[in-house]
Amino acid sequence: DTHGEWLYIKKTLENCAGAQNLSIFSLSPKNAKLEFNYGGPLDQLEQVLLQKDILLLQKNNYWMVAINK
């Protein structure tokens with residue numbers, strides 16, 4: 001259920017300490033393009049997301065978050 005996964009990721013990011021200004025630019029059945037600011041160390045964000053079964057991956061010139069299946 002990609003819609004449910006997207007809502008889970010969005011809620012997790014919104015509740016993540018240090019994450020601010022979440023903006024959604026596009027939403028499709030397979031992906032969403034969003035932007036947010038994070039005021040902490042990148043490895044800390046990675047660990048917080050991983051604890052919620054969300055992966056943070058760098059792809060070329062952007063970052064991707066995905067459910068860890």
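**Confidence.** I began with pLDDT, the predictor's confidence in each residue, from 0 to 100. In the protein, H1 has the lowest confidence, with a mean of 89, and H2 the highest, at 95. The average for the protein is 90, and 99% of the residues score at least 70. My labels for helices (H or I, at least four residues) and strands (E, at least two) are DSSP runs, numbered from the N terminus.

**Ground rules.** This is a predicted model, so I kept local features to pLDDT of at least 70 and side-chain atom pairs to pLDDT 80 or more, while totals for chains, interfaces and linings use all residues. Residues are numbered from 1 along each chain as its sequence is written, and side-chain values use heavy atoms, with hydrogens and water left out.

**Core.** Which residues make up the largest nonpolar core? I found 8 residues: Ile-9, Leu-13, Cys-16, Ala-19, Leu-45, Leu-49, Ile-54 and Leu-56. Such a core is a set of buried Ala, Val, Leu, Ile, Met, Phe, Trp, Tyr and Cys residues joined through side-chain atoms within 4.5 Å; buried means under 20% relative accessible area, exposed over 50%, and partly exposed in between (1.4 Å probe, protein chains only). At least two core residues come from each of helix H1 (2-14), helix H2 (42-51) and strand S3 (54-59).

I then followed Leu-49, setting aside neighbours within four places in sequence: Leu-49 is in contact (heavy atoms within 4.5 Å) with Thr-12, Leu-13, Ile-54, Leu-56 and Val-65.

**Salt bridges.** I looked for a side-chain nitrogen of Lys or Arg within 4 Å of a carboxyl oxygen of Asp or Glu, and the count came to 2. Glu-5 pairs with Lys-69, their closest N and O atoms 3.0 Å apart. Glu-5 is in helix H1 and Lys-69 in the segment after strand S4 (62-67), so this pair ties together parts 64 residues apart in sequence. Glu-5 is partly exposed at 22%, while Lys-69 is exposed at 79%.

Lys-10 and Glu-14 also form a salt bridge, at 2.8 Å from N to O. Both lie in helix H1, 4 residues apart, or about one turn of the helix. Lys-10 is partly exposed at 23%, and Glu-14 is partly exposed at 43%.

Last, I checked S3 and S4, which pair in the antiparallel sense over 6 bridges; strands pair if DSSP finds at least two bridges between them. Lys-59 has Tyr-62 in S4 as its bridge partner. The hairpin has 2 residues between the strands, and Asn-60 takes a positive phi near 50° there.
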